[in-house]
Amino acid sequence: MTWAAAVPDRVSYPVQLVQPDGRRVLDREHAALVADVGPDKLRQLYEDMVVARRIDAEGTALQRQGQLGLWAPLLGQEAAQIGSAHALCADDYVFCSYREAGVAYQRGVDPAQITRLWRGAAHSCWDPAEINMTNPAIVVGAQGLHATGYAYAAHLDGAEIAVITYFGDGATSQGDIAEALGFAASWSAPVVFFCQNNQWAISAPVRVQSATPIARRAYGYGIPGVQVDGNDALAVLAVTRQAVARARAGGGPSFIEAITYRMGPHTTADDPTRYRTAAETELWQQRDPIDRLRRLLEREELWDSEFEQRVRARSDEVGTRLRTATIEMPDPDPMELFEHVYTTEHPLIDAERREYAAYLKGADL
C-alpha cells in the first residue's frame, strides 16, 4: 500500500500512471481510482491544463508590461493543479496559496477576475462563497491553519465534505503548517494537505527544506502521506480522489506531496537564473506535464486536428478575456477600502469610514 501512517519498511516510489513518453504504468491500485476516466475526461484534463498555462502566460506578460504589480507563475505545475482540482466536488472547500490560478479556473472563476488583486484594483480576486475557494494567501503557510479550522468546523456540523489546502515545499518549514498538521491529526479534521513540491522555495532548494521526502513528515503526526509524480495528471487525480474520499468518510487528514517543477520564477520579482542551472530546467522540460498528456492522447488515438483547434480556441478565448479585463479594469472607489473587512457592521470601521470620507472631501479627491 502507498498510504501509511508509519514509516514504511521498504522504499516507496512516487505514484505514476503515465510516463513522460505517454505510456501507461501498471499500477492496479491507483489505476482503479481513475478507471472511469475515459476519452472525454482525458481531453478535458488536457484542455484545462493548456488553458491554465495560457492564464499564466498572460499574467506574466501583463506584469512585464506594467499592467500588474506582481504575478506568481504556475508554469510547469499544471498537472498538479488541474489533476487535483478535478478530484473535488462543488461543496468541497479549497484553501490556496498565491499560485493556484489553475485551480481557480477549474473551480469556475471568471478569468476576468483572476488579476484583480494583482493589479491592485481590489482586496481580492473573486467571491470565495461562489466557488468554495479562498483568495490568494500571501502569508506563507497560514492557509494550512485556516483549512484545518474550517475542516474541523465542517466535521462538527456533520457536513460530509473534504477540505484541501495547497502550499509549496518551502511552506513545510513554516510553523503554521506544523501546527495545522498537529491539530488536524489530533481532531481528525477532514483536510487534505497538498504540497506542490516544485523544488525551489524562492532560491532555496528542497534539499535544505527537508533531509527526507516531505510526505514522510506526515508520519510523525500519525497522518498518512503519499508522494505522487506531480507532472502526471492522472496520478495526481487518483491520489487526490483517494484522499478526499477518506476525508469525506470521516477518516481524517491526509498528506500529498506532488513532485513537480517551477519552470519560471518564484514570482515576477525573482530571477531564477541566479540560483539554478539551465541544465536543470532543460531536464524538467522533458517531463512537461502538458506534453506528457498529449503523448498519451496520441498513443490512444484520441488526438486529432479538430480537438487541437478546439483547445486552441478555448485558450485564446480565456487569454483574451483575461487580458482585456485587466487592461480595462477600472480603479476602485476609495471608499471601497472599508468593504468586506468584517462580516457584520463594526463601530470602528464605521468611524474610520466617516473620517476617511471627510478627509477625501477636504482634499477634494
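Start at α7: its buried residues pack against β1 (93-95), β2 (163-168), α8 (175-186) and β3 (191-197). Contact here means heavy atoms within 4.5 Å. Helices (H or I, at least four residues) and strands (E, at least two) are DSSP runs, numbered from the N terminus.

This is a predicted model, where local features need pLDDT of at least 70, side-chain atom pairs count only at pLDDT 80 or more, and totals for chains, interfaces and linings use all residues. Residues are numbered from 1 along each chain as its sequence is written, and side-chain values use heavy atoms, with hydrogens and water left out.

**Helix α7.** Select residues 142-156. Now colour the buried residues, among them Ala147, Thr148, Ala151 and Tyr152. Buried means under 20% relative accessible area, exposed over 50%, and partly exposed in between (1.4 Å probe, protein chains only). Step past the helix to glycine 158, where phi is positive, near 80 degrees.

**Aromatic pairs.** Show the rings of Phe, Tyr and Trp (its six-membered ring): they pair if their centres lie within 6.5 Å, with planes under 30 degrees apart stacked, over 60 edge-to-face and the rest tilted. The structure holds 17 such pairs. Go to tryptophan 71 and tryptophan 118, an edge-to-face pair at 6.4 Å centre to centre and 75 degrees between the planes. This pair links distant parts of the chain, 47 residues apart: tryptophan 71 lies in the loop between α2 (39-64) and α3 (78-85), tryptophan 118 in helix α5 (residues 116-119). Tryptophan 71 is buried at 2% relative accessible area, and tryptophan 118 is buried at 10%.

Next, select tyrosine 93 and phenylalanine 95. Their ring centres are 5.2 Å apart and their planes at 40 degrees, so the pair is tilted. Tyrosine 93 is buried at 10% relative accessibility; phenylalanine 95 is buried at 7%.

**Charges over rings.** Ring pairs join Tyr46, Trp303 and Phe307 in a cluster.

**Last stop.** Select glutamate 301, in the loop between α11 (289-299) and α12 (305-327). Glutamate 301 is not a glycine, yet has a positive phi of about 55 degrees. Glutamate 301 counts as exposed, at 72% relative accessibility.

How values were computed:
Expected span 1.5 Å × (residues − 1).
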